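Hi everyone, thanks for coming.

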Amino acid sequence: WRQFTEQLCEKMGIKPPNLSIPFAIGNPLALTLEKIYLWTRQTSAPLLTSYRMHNGGKNYHFSIEKIKNLLGYSLETPLDEALERTVAWYKALLKNN
């Protein structure tokens, strides 16, 4: 997940996140921030949320070995190229809006 995020940030030309919060600290902090934002009727989301803690703290690595073996699947587009295409699409979308 971290490698993917760092590669994506590099392609976007932005600084990758450098702060890592342990789940045992981050989750209670996120819940507290969410309650404060609710109490104060903020319309924006807090910087740290339960969703972000749960999503960012998980390993999203999935093996494709089974589909390779059963169906003979192979990657048509390497990750690096896929990220470049995605970033180009996103930047074009931003220009048009």
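Let's start with the largest pocket, which has a volume of about 830 Å³. Of the 18 residues lining that pocket, Pro17, Leu19, Ser20, Arg52 and Gly56 are the closest to its centre. H3 has the largest share, with five residues. By class, the lining of the largest pocket splits into 10 nonpolar, five polar and three charged.

A word on where this comes from. It's a predicted model, where local features need pLDDT of at least 70 and side-chain atom pairs count only at pLDDT 80 or more, while totals for chains, interfaces and linings use all residues. Residues are numbered from 1 along each chain as its sequence is written, and side-chain values use heavy atoms, with hydrogens and water left out.

And the terms: on a 1 Å grid over the protein atoms alone, a pocket is an open set of points where a 1.4 Å probe fits, with protein on both sides within 12 Å along at least five of seven lines, and lining residues have an atom within 4 Å of a point. The volume is the space filled by probe spheres set on the points. Helices are DSSP runs (H or I, at least four residues), numbered from the N terminus. Gly counts as polar here.

Next, the second largest pocket, with a volume of about 380 Å³. Its lining has 13 residues, and Phe4, Tyr60, His61, Phe62 and Leu79 lie nearest the centre. Here H1 gives the most, three residues. The classes are eight nonpolar, five polar and no charged residues.

Now the threonines. A polar atom of its side chain is 3.1 Å from the backbone nitrogen of arginine 52. Beyond neighbours within four places in sequence, threonine 49 is in contact (heavy atoms within 4.5 Å) with Ala30 and Glu34.

Threonine 40 is also in the loop between H2 and H3. This one is partly exposed, with a relative accessible area of 45%. A polar atom of the threonine 40 side chain lies 2.8 Å from the backbone oxygen of isoleucine 36.

Terms used. Helix = DSSP H or I, 4+ residues; strand = E, 2+ residues; numbered from the N terminus. Polar contact = N/O pair within 3.5 Å; in protein donor to acceptor, adjacent residues only side chain to side chain. Buried < 20%, exposed > 50% of the residue type's maximum accessible area, 1.4 Å probe, protein only.
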